Amino acid sequence: MTSSELWTRATADRYDAEETEMSSAAVLEPTLDFLAGLAGDGRALEFAIGTGRVGVPLRRRGVPVVGIELSEPMAAVLRRKIDEDALPVSLGDMATTVVPGEFTLVYLVYNTLSNLLTQDEQVECFRNAARHLAPGGRFVVELGVPPLRFLPPGQVAVPFDLSERHLGFDTFDLVEQILVSHHLTRDGDDDRYRRGHSRHRYAWPAELDLMARIAGLELELRVADWRRAPFTQDSAKHISVWRKPA
């Protein structure tokens, strides 16, 4: 078992309802365009496929997709959408689980690399991606840039969402590079909020490039979003593409 926190059945059952914006056409269409273009005529492997927010519509675009997922309840939600023959999913962690065959694309979206809470495990995730890639294949990671510049001396938390039904704050362990996201979510129409939190290991793009080099991959592209906006010092996240030499 890796250090990733295991998502429960209750979390899996409400995940899609809480991520409607991330499942919208405005978010998904450029994501699918980007990934399908890199997959080409080959197969794609999604690490931490979850409920299939990206993998299922990518498969329906004609890209053969295989998934790896640690949480059995999350995989069970995916299975309600598409059968095993159309989109096989192996239960296991993304750092060590191996599935048969080679892929032209391995991808990891929506900050999920940070679920691995140690540097060693994140390095093994890159190694596992390289292990599955055919020569010339690509590994794609979508990851936020640590918002540490918003953390002045004396401030203990950085807000990331202040919407009507959700309040979100990040706190940081600067020594271990651990970020804890705290959530207060209003489920009903009363004033009661459900409290939750999740732990993540943040990493800078340069650190990821070194992990890729250890795994034998080379940086090919880094952009700020799925529409390929330029990555700058003001970018809140990045989409990075590393290539396995042919």
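# Close-up views of a predicted model

**View 1. Strand 11 and its two neighbours in the sheet.** Strand 5 (residues 133-144) and strand 11 run antiparallel and are joined by seven bridges; strands count as paired if DSSP finds at least two bridges between them. Helices (H or I, at least four residues) and strands (E, at least two) are DSSP runs, numbered from the N terminus. Within this pairing, L143 has H238 of strand 11 as its bridge partner. Strand 11 (residues 237-243) is largely enclosed by the rest of the structure, because five of its seven residues are buried. Buried stands for under 20% relative accessible area, exposed for over 50%, and partly exposed for values in between (1.4 Å probe, protein chains only).

A note on the model before the next views: it is predicted, so local features need pLDDT of at least 70 and side-chain atom pairs count only at pLDDT 80 or more, while totals for chains, interfaces and linings use all residues. Residues are numbered from 1 along each chain as its sequence is written, and side-chain values use heavy atoms, with hydrogens and water left out.

View 2. Seven strands form an open sheet in the order 3-2-1-4-5-11-10, with mixed pairing. Strand 3 (89-91) and strand 10 stand at the edges with a single partner strand each, so one side of each has no neighbour in the sheet. From one strand to the next, the twist averages 20 degrees; axes are lines fitted to C-alpha atoms, for helices over the stretch in contact, and angles run from 0 to 180 degrees between N-to-C directions. Further along the order, strand 1 (residues 44-47) and strand 4 (residues 103-108) run parallel, joined by three bridges. There, L45 has V106 of strand 4 as its bridge partner.

**View 3. Two helices packed on the sheet.** Helix 2 packs on the sheet and touches strand 4, strand 5, strand 10 and strand 11, its direction making about 150 degrees with that of strand 4. Helix 4 (residues 72-79) packs on the sheet as well, touching strand 2 (65-69) and strand 3, and its direction makes about 165 degrees with that of strand 3. Contact here means heavy atoms within 4.5 Å.

**View 4. A39 in helix 2.** Helix 2 spans residues 25-39 and includes A39. A39 is buried, with a relative accessible area of 3%. Leaving aside residues up to four places away in sequence, A39 touches V63, T104 and L105. The C-alpha atoms of A39 and T104 are separated by 5.6 Å, although these residues are 65 residues apart along the chain.

View 5. A search of the whole structure finds six aromatic pairs. Rings of Phe, Tyr and Trp (its six-membered ring) pair if their centres lie within 6.5 Å, and planes under 30 degrees apart count as stacked, over 60 as edge-to-face and the rest as tilted. The ring centres of F126 and W242 are 5.1 Å apart with planes at 75 degrees, so this pair is edge-to-face. F126 belongs to helix 5 and W242 to strand 11, so the pair ties together parts that are 116 residues apart in sequence. Both F126 and W242 are buried. Together with F47 and F139, they form one aromatic cluster.

**View 6. Salt bridges within and between elements.** The model has 10 salt bridges, each defined by a side-chain nitrogen of Lys or Arg within 4 Å of a carboxyl oxygen of Asp or Glu. In one of them, the side chains of R127 and E124 meet at 3.2 Å, N to O. These two residues are three residues apart in helix 5 (residues 119-132), separated by about one helical turn. R127 is partly exposed at 35% relative accessibility, and E124 is partly exposed at 31%. D209 and R222 form another salt bridge, at 2.6 Å from N to O. D209 sits in helix 6 (residues 205-214) and R222 in strand 10, so the pair ties together parts that are 13 residues apart in sequence. D209 is partly exposed, with a relative accessible area of 23%, whereas R222 is buried at 18%. Elsewhere, E29, D33 and R61 are linked in a network of salt bridges.
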